[in-house]
Amino acid sequence: MKTNLEYGQNFYGRPLTRFLFQSCGWHIALLGFFFVFQSDILSFFLNGQQDVEVIKSAVKVDVVAMPRMTLKELQSLEATKPIIEDSKDDTAMKEIENLEEKSKDVDAPKKDADIGEQDFSNMLKTFSKKKVKEEVVKKPKKSGLDLSNVSKKKLKALVQAGNKLSAGTEMTGDQAEGESSEFVIYIRRIRDKVKTYWKLPSFLTGKDLSCRIRVFISQSGKLLKTEMITSSGNESFDQRAKDSIYQAYQSSGGFAVPDKGYASRASRGEIVLGFPI
Amino acid sequence: MKNLLLCLLFLSIGNAFSQGGLTVVSVGEAESTAEKIAFPASFTSGNVSKNQKAMVNEIVKLFISDFSFYKKSFETDDGKSEGSFSSPKYSYWTSRSVKYLVQTHAKPSGPDLRVTVSLFDISKKESIFEISKIIKKSVVRKKGHELADALYKKITGADSIFKSHIVFISDQSGPKRNRYKELYIMDFDGKNKRQLTYHKATVLSPAFSQDGKRVLYSLIKFRKGRKNVNLRMLDITTGKDRIISSRRGINSGAVFMPGEKEILLTLSYEGNAEIYSLNLKTKRLRKVTKHFSDDVDPSISVDGTMMTFLSGRPGKAMIYTMDPRGREKDVKRISYVGKFNATPRFSPDGSEIVFASWVDNRFDLFRISSQGTGLVRLTKDFGSNEDPTFSNEGQFIAFNSLRVISKKKALQHIYIMDRDGGIIKDITPKFGNCLSPRWSK
């Protein structure tokens, strides 16, 4: 029987050395691929294991007792919790910003460790925060708070509170979330005033309604006009959103006078309020 | 890789907002508030008699009572009229923070009364709706509820509970030591109670038809010394009452299927209780559940594609859902907790189930999504609460609550609460022990 197998040849008649080279190439490529994407590959497998655990814990939830507290009790608990809101006071807002700036070395790694698994919003937050840091270098240093007496724990809590302020509820045209230009701070002050009057009866809540209103403010802080740019499709909802702007304007004796730097932007109607987003 | 993707996503969002050079700031979720709606005393013209004046006063009072059920949306305000019927004094109502004003006008129309109701939006300073009806004395409340419903619909764009009814069982009649449990009907607010059956026996688990004209109910009868639970159907408009099913054992817990040609009911003539579908015309019976455990108490979603029921499959009474168009089709266990559960009832849109569960030696009410998620407790420290039923528009739940007064005395009344457990009121005070409320669709 004739055999084609000779030294240096495989079954297909190719030289064995060529085969070895190809094999080595493939192995190196695979190894390289693993090194480049090792974190993704590992996290994929780890997450896979965690998923299994999550399913287990989901099954455990089924056999717990009936809830002891009523829905109303839970709601009242929620209502009595101290709500950390965006400060209405401009100086307080600046203080928090300064805290973030001063504590940037402490803040970022610790927060990541606290959060553990990064979700989409956290990643966005991290992303936007990076931009803030870049901005800080350019900005003239503000006279911040004296942090020598603030404990690390307190500082961390404050920073976390600060992060809650920017939980992805704002979208600004030229700036990433977390950036606080004077114009943005000014809009936030308008927003805070409007928010006080932004109220809805229950027949208009829970319907996923949303509208956006453009606000034109003169250089003297006078409300020139409003313009509905995105309607919710529900006239009552839109009207109440509009009313809240006018009520905020009338009851507070007008809006704050915009600085010269951005007065033209305010009068051109570059301010858009989203109800609720 | 993830970061790259996020960068692209973020940049795409950023571009969308920088195109117009606008800065969008979120105001956030609105605070919940109840808006003021005022119902001042009525205006009259022509020769209005004392009785007719009383009629229109009753209508205004009824408006206030009806709207006060929607506490989360409206704060009712009464008082004297300011300005004229068609030109109210807006400044006065603005100073009282009133959002809506309902002005009523009455003038005689023969023996009857022509009532005109005008709804004003105070912030817009204009009338946004007007409706007129000729009302006879015998139907004052019915017509009043219809007017209130029209006002509510104009403001909210949704249906109200004002035209709905509730059937229930009460031991109001019979000798003191052996009270009969008969079927009654009332308006949603507990007024206008009427007795529907006179069996001098015990009536069980009623159910409204979709159009509210017929009621299915069971009756405990003793025949030849043997107790049997028969299913009957009563036509409320004609008073015609007939037996639907009288098989041996239980013929109970029946509900109408959409279209009202078929009903779902629990039968036990084969041994253990199973749920069947019965065609009212052909009398054809079809088994819907088939299990060695008891399956009882069906409730059907509005489109008829989902049924919730109580089953002893896990060893204790738990809530299940399934597709009633087949046999044992898509059976899914919904509740896993509670010593045992009872009376699961669908919300009108079929998205939620309210049920009673035995906790701390009494029943309390809970709400869960029809997918088995979002379990919340609705009642606590409020007696023993059973037999819930969603209102026609899903914003309220009626249920019976048992209060132990002494070792020998306990009172069972029907209450209404909002869907989050906020108690509105007792709607059957001084009407004996009342149970098994069922809200019309």
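1. In chain B, the charged end of B:Arg403 sits over the ring of B:Phe382, at 4.1 Å from the ring centre; a charge is counted as sitting over a ring if NZ of Lys or CZ of Arg is within 6 Å of the ring centre and within 35 degrees of the ring normal. The charged end of B:Lys193 likewise sits over the ring of B:Phe431, 5.2 Å from its centre.

2. On the basis of these values: this is a predicted model, in which local features need pLDDT of at least 70 and side-chain atom pairs count only at pLDDT 80 or more, while totals for chains, interfaces and linings use all residues. Residues are numbered from 1 along each chain as its sequence is written, chains are lettered from A and ligands numbered from 1 in the order in which they are written, and side-chain values use heavy atoms, with hydrogens and water left out.

3. Over all chains, a search of the whole structure finds 34 aromatic pairs, where rings of Phe, Tyr and Trp (its six-membered ring) pair if their centres lie within 6.5 Å, with planes under 30 degrees apart counted as stacked, over 60 as edge-to-face and the rest as tilted. One of them joins B:Phe67 and B:Phe74, whose ring centres are 5.2 Å apart and whose planes stand at 75°, so the pair is edge-to-face. B:Phe67 counts as buried at 0% relative accessibility, and B:Phe74 counts as buried at 3%; buried means under 20% relative accessible area, exposed over 50%, and partly exposed in between (1.4 Å probe, protein chains only).

4. The rings of B:Tyr184 and B:Phe431 have centres 5.3 Å apart and planes at 85°, so this pair is edge-to-face. The pair links distant parts of the chain, with B:Tyr184 in strand β10 (residues 182-187) of chain B and B:Phe431 in the loop between β31 (423-426) and β32 (434-439) of chain B, 247 residues apart; helices (H or I, at least four residues) and strands (E, at least two) are DSSP runs, numbered from the N terminus. Both B:Tyr184 and B:Phe431 are buried.

5. One aromatic cluster includes A:Phe203 together with residues of chain B, among them B:Phe39, B:Phe67, B:Phe74 and B:Phe396.

6. Turning to charged pairs, 35 salt bridges are found over all chains in a search of the whole structure, a salt bridge being a side-chain nitrogen of Lys or Arg within 4 Å of a carboxyl oxygen of Asp or Glu. B:Arg141 forms one with B:Asp189, the closest N and O atoms being 3.0 Å apart. Because B:Arg141 lies in helix α4 (residues 140-156) of chain B and B:Asp189 in the loop between β10 and β11 (194-195) of chain B, the pair ties together parts that are 48 residues apart in sequence. B:Asp189 is buried, with a relative accessible area of 4%.

7. B:Arg362 and B:Asp381 also meet in a salt bridge through their side chains (3.1 Å, N to O). Here B:Arg362 is partly exposed, with a relative accessible area of 24%, whereas B:Asp381 is exposed, at 58%.

8. The side chains of B:Arg438 and B:Asp387 meet in a salt bridge (3.4 Å, N to O). B:Arg438 lies in strand β32 of chain B and B:Asp387 in strand β28 of chain B, so the pair ties together parts that are 51 residues apart in sequence. Both B:Arg438 and B:Asp387 are buried.
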